[in-house]
Amino acid sequence: MTDALVTKSKSKRGSQAAAGRLFVLELNAGRIHTMNPDGTDGKVIVTGCELPDGIAVDVDAGHIYWTNMGSNPGANDGSIERADIDGRYRTSIVPRGATFTPKQIHLDKPNGKLYWCDREGMRVMRANLDGSQLETLVETGRGDADRRDQTRWCVGITLDPKRKQIYWTQKGPDNGERGRILRAGVDIPKGETAAKRSDIEAFFVRLPEPIDLELDVTNRVLYWTDRGDPPRGNTVNRAAIDAKPAAPQILITHLMEGIGIALDVPGDRMFVTDFAGSMYSAKLDGSGERNFLFAQGNLTGIAYAEV
């Protein structure tokens, strides 16, 4: 491991290292599960979601937010919903059709914003926590012809609050080695548009098929899943964002189409889902990998929170 990736993640919680809850989306059944970090005490808290993909937890407000890709990913019928952490008081935040196929979602609590990627909409989007002030920050294409070009599809997203930048993935075609991770400012430069921004920078290119992102803001390290072909695909990867290495470090291999990722930095652990229905935990350096649940349906987004 390079010095740039030696993380300051030893737990300060001592015997409380196993505290917290996981929130996991089951795509095919349209359900949201919550459980302990070892998979025990699992329960379904929300049902009837339309292809849920991304989830974020607002611990202070006691809310969960999630994206629905819609009844048909080829149709413009995506939405974002909110509920209490126990699944009650469910409400629509971004109505059906206001976003095409929303994917991973990120909560920027200090600024009262939600950020998400819109896959077939070919956009990076933002709104207030109540869904108002809906904005497009990045637009990679428009119309049906562009929509067929999967290199334009925006999927995973995270936020660097220190540098006020968004990071997102454009996955490219299945196993196509044309995936990218890009970054830009959280606001469109003055005088520019979402479709023509001068501040977009490619962080990594020619990746197999990058999906979801998570940033360790303390140690300035970006983690992501890749569902492409081995050896670089079906993996969890990481890279320092301030002193970017020539190539990412592969931490976990042999996933079955890796999708969701969540970090517990104080506890020195990550949690990962794959589309075959497995859930994994490991230390942040990839050691101690454990497949603690399997055959759980088509799993997508995952979030970790101390509630």
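1. Start with a charge and a ring. Arg 227 lies over the face of Phe 275. The distance to the ring centre is 5.3 Å. Keep in mind throughout that this is a predicted model.

2. Lys 244 deserves a look too. Its charged end sits over the ring of Phe 204, 4.8 Å from the centre.

3. Now the ring pairs. The structure has four aromatic pairs. Phe 204 and Trp 224 make a tilted pair, because their planes stand at 40°, between the 30 and 60 degree cut-offs. Their ring centres are 5.8 Å apart.

4. Where do Phe 204 and Trp 224 lie? Phe 204 is in strand S15, residues 201-207. Trp 224 is in strand S17, residues 221-226.

5. Phe 271 belongs to strand S21, residues 269-274, and Tyr 304 to strand S24, residues 299-305. This pair links distant parts of the chain, 33 residues apart.

6. Are Phe 271 and Tyr 304 buried or exposed? Phe 271 has 1% relative accessibility, so it counts as buried. Tyr 304 has 14% and counts as buried as well, because the cut-off is under 20%.

7. Finally, the cluster. Tyr 167, Phe 203, Phe 204 and Trp 224 form one aromatic cluster. Phe 204 is also the ring under the charged end of Lys 244.

How values were computed: Residues numbered from 1 in each chain as written. Predicted model: local features only at pLDDT ≥ 70, side-chain atom pairs only at ≥ 80, totals over all residues. Heavy atoms only, no water. Phe/Tyr/Trp six-rings, centres within 6.5 Å; stacked < 30°, edge-to-face > 60°. Helix = DSSP H or I, 4+ residues; strand = E, 2+ residues; numbered from the N terminus. Buried < 20%, exposed > 50% of the residue type's maximum accessible area, 1.4 Å probe, protein only. Lys NZ or Arg CZ within 6 Å of the ring centre and 35° of its normal.
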